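Okay, everyone, thanks for coming. Let me put the structure up, and then we'll walk through it together.

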Amino acid sequence: MTTAPSASRASADRLGRVLNLVPYLLARPGIAIVEAAADLGVSEKQLREDLELLWVCGLPGYGPGDLIDMAFDGDNVTITYDAGIGKPLRLTPDEALALVVALRMLAETPGTGNRDAIERALAKIESAAGADADAPVAVRMSGNAKKVDRVRSALESGRALRITYYTASRDETTERVIDPIRVVNVDGWAYLEAWCRRAEATRLFRVDRIDGWTELDEPSAPPAEARPHDLSAGVFRPGAELPLITLRVGRSERWITEYYPCESVERGASGEDWLVTMRVTDLDWARRLILGLGPEVTVVSPPELITGIREQAAAALAAYSVPSA
């Protein structure tokens, strides 16, 4: 089995297209395939492949009367059975509560855009769910909102900042002068994006790791080459310049393939373990990650990572062998 980030994105794109296809065709019975492909922004070949996929989609049971059905008249298509997709969505109490909790969390997240749309959607679901949405669930972000507000105020002051910052990947605290650009929210974390004069590059500083800052008596002046990061795919963008590590992962630790971007995931010879290849910011970060995992993770490469883990594990065991005073 091999899984690449690009393949995952392609599958997600196709899922979105297919979900949109049924209501589109229901509203346009007998539409020409070439016209539908143009409307949907795909090739005629891709649309035909998506229609082939619809033949095996439908309700549990997956027999006659359960699957979506279509009729073709030459190069025209009509949905003859939609498997209930055209009916209004009816949420179970658990589904309604899950949506309410998720929207409340999104509304509490600092820096989230379109807050009015979130509030409107939340109000509609709470109204439709009635008492099911009134469960005693309090949603609060970790005590970081006030800090985000203070950082945003510092940004709006238009001054350069001297910050004390903890870099988790290197387990070190540094002091640096930055020229703030913007505050952004990615995956529930607030970041201050700024030009770092020490690195001479644009950097993202997670707000909860900024231990302190001082406004300087000079304006924030990012140079012309300072460009905001493209965060559409997340903060971490693994590139060929980063170290590549390979791990043998057992069943209980497979979650790391969903949590961290992977170059590839392949089934091992035993069929029970996976060989996982991934890029990391540096080997020190990888060493700390792996030491914190269980015995079902083994490093295959590179050799220097294997040596570093072996030495640190031996030092830890030696410390236990020394009797306390």
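Before we start, one term: when I say two residues are in contact, I mean they have heavy atoms within 4.5 Å of each other. And please keep in mind that this is a predicted model.

Let's begin with Pro29. Where does Pro29 lie? It sits in the loop between helix H1, residues 5–26, and strand E1, residues 31–32. So is Pro29 buried or exposed? Its relative accessibility is 57%, and because the cut-off for exposed is over 50%, Pro29 counts as exposed. Leaving aside neighbours within four places in sequence, Pro29 is in contact with Val77 and Thr78. Here's another way to look at that region: Pro29 and Ala71 are 42 residues apart in sequence, and their C-alpha atoms are 9.7 Å apart in space.

Now the sheet in this part of the chain. Three strands form an open sheet, in the order E1-E3-E2, and the pairing is antiparallel. E1 and strand E2, residues 69–73, are at the edges with a single partner strand each, so one side of each has no neighbour in the sheet. If you're wondering what holds strands together in general, strands of a sheet pair through backbone hydrogen bonds, either parallel or antiparallel. Here, E2 and strand E3, residues 76–81, pair antiparallel over five bridges.

Okay, next stop: Glu193. You'll find Glu193 in strand E6, which covers residues 189–196. What does the side chain of Glu193 make a polar contact with? The partner is the side chain of Arg182, at 2.4 Å. Again leaving aside neighbours within four places in sequence, the residues in contact with Glu193 include Pro180, Thr202, Arg227 and His229.

Zoom out to the whole strand. Seven of the eight residues of E6 are buried, so E6 is largely enclosed by the rest of the structure. And E6 has hairpins to show you. With strand E5, residues 172–186, E6 pairs antiparallel over eight bridges. Asn185 stands opposite Ala190 in E6. There are two residues between E5 and E6 in that hairpin, and Asp187 in the turn has a positive phi of about 55°.

Then look at E6 and strand E7, residues 201–206: they pair antiparallel over six bridges. Our friend Glu193 stands opposite Leu204 in E7. E6 and E7 form a hairpin too, with four residues between them, and Glu200 in that turn has a positive phi of about 55°.

Thr246 is in strand E9, residues 244–249. At 15% relative accessibility, and with buried meaning under 20%, Thr246 counts as buried. Not counting residues up to four places away in sequence, Thr246 touches several residues, among them Leu275, Thr277, Thr298 and Val300.

E9 belongs to an open sheet of four strands, in the order E10-E11-E9-E12, with antiparallel pairing. The edge strands are E10, residues 264–267, and E12, and each of them pairs on one side only. On average, neighbouring strands of this sheet are turned by 25° against each other, direction ignored. E9 and E12 run antiparallel and are joined by four bridges, with Arg248 standing opposite Thr298 in E12.

Which residues in the largest nonpolar core touch the most other members? Of its 19 residues, those are Ile245, Leu247, Ile256, Val276, Ile290, Val299 and Leu305. At least two residues of this core come from each of E9, strand E11 (274–279), H8 (283–291), E12 (297–301) and H9 (303–321). Take Leu305: not counting residues up to four places away in sequence, its contacts include Ile245, Leu283, Ile290 and Val299. There's also a second, separate core of 18 residues, which includes Tyr24, Ile31, Val42 and Leu51.

How values were computed:
Residues are numbered from 1 along each chain as its sequence is written. This is a predicted model: local features need pLDDT of at least 70, side-chain atom pairs count only at pLDDT 80 or more; totals for chains, interfaces and linings use all residues. Side-chain values use heavy atoms; hydrogens and water are left out. Buried means under 20% relative accessible area, exposed over 50%, partly exposed in between (1.4 Å probe, protein chains only). A nonpolar core is a set of buried Ala, Val, Leu, Ile, Met, Phe, Trp, Tyr and Cys residues joined through side-chain atoms within 4.5 Å. A polar contact is a pair of N or O atoms within 3.5 Å; within protein, one must be able to donate a hydrogen and the other to accept it, and residues adjacent in sequence count only if both atoms are side-chain atoms. Two strands pair if DSSP finds at least two bridges between them. Axes are lines fitted to C-alpha atoms, for helices over the stretch in contact, and angles run from 0 to 180 degrees between N-to-C directions.
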